[in-house]
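Please look through the sequence and the model below. The paragraphs that follow start from one pair of side chains and then widen to the chain as a whole.

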Amino acid sequence: MKLFITGGSGYVGNEFIKYCKKKVSIIYLVSRKKINIKDKRIKIFKGRVSRDWKTEMQNSDMLIHFAAAG
């Protein structure tokens with residue numbers, strides 16, 4: 001399974017990624033902040049959620065939205 005996750009730099013998103021790393025083949029992650037994750041199964045996209053991510057989401061099976069406007 002391939003996940004597309006928004007808000008991965010927040011507490012909830014980060015904990016969810018730790019949980020899913022062992023169970024998911026690839027994680028596509030959108031974050032406003034720079035994240036240093038040394039895992040080849042996690043592909044990080046730096047940017048805002050308001051951007052059009054349609055092209056990147058076509059490769060994923062599920063979208064999980066943790067991002068919030070603050």
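**Charged pairs, loop, strand and overall fold**

Lys18 and Glu15 are joined through their side chains by a salt bridge, with N and O 3.3 Å apart. The term salt bridge stands for a side-chain nitrogen of Lys or Arg within 4 Å of a carboxyl oxygen of Asp or Glu. The model is a predicted one, in which local features need pLDDT of at least 70 and side-chain atom pairs count only at pLDDT 80 or more, while totals for chains, interfaces and linings use all residues. Residues are numbered from 1 along each chain as its sequence is written, and side-chain values use heavy atoms, with hydrogens and water left out.

Both Lys18 and Glu15 belong to helix H1 (residues 11–20), where they are 3 residues apart, about one turn of the helix. Helices (H or I, at least four residues) and strands (E, at least two) are DSSP runs, numbered from the N terminus. Lys18 counts as partly exposed because its relative accessibility is 45%. Glu15, with a relative accessible area of 34%, is partly exposed too. On this scale, buried means under 20% relative accessible area, exposed means over 50%, and partly exposed lies in between (1.4 Å probe, protein chains only).

How many salt bridges does the structure hold? There are 3. Another one links Arg41 with Asp39, whose closest N and O atoms are 3.1 Å apart. Here Arg41 is partly exposed at a relative accessible area of 34%, whereas Asp39 is buried at 17%. A salt bridge also connects the side chains of Glu56 and Arg51, at 3.1 Å from N to O. Glu56 is buried, with 17% relative accessibility, and Arg51 is partly exposed, with 41%.

The charges of the chain can also be taken together. The chain has 16 positive and 5 negative charges, and their mean positions are 7 Å apart. In this count Lys and Arg are positive, Asp and Glu are negative, and His and the chain ends are not counted. Each charge is placed at NZ of Lys, CZ of Arg, CG of Asp or CD of Glu.

Next comes a residue in a loop. Ile35 sits between strand S2 (26–31) and strand S3 (42–46). Leaving aside residues up to four places away in sequence, Ile35 touches Gly8, Ser9, Leu29 and Ile44. A contact means heavy atoms within 4.5 Å. The C-alpha atoms of Ile35 and Leu3 are 17 Å from each other, and these residues are 32 apart along the chain.

Beyond residues up to four places away in sequence, the contacts of Thr6 include Val30, Val49, Leu63 and Phe66.

Now the whole chain. Its secondary structure amounts to 2 helices and 4 strands, in the order β-α-β-β-α-β along the sequence. Of its 70 residues, 33% are buried. Among contacts with a separation of 6 or more, 44% are between residues 24 or more positions apart. The C-alpha atoms fill a box of roughly 30 × 25 × 20 Å along the principal axes. The radius of gyration is 11 Å, which agrees with the value near 11 Å for a compact globule of 70 residues. That radius is taken over C-alpha atoms, and the globule rule is 2.2 Å times the number of residues to the power 0.38.
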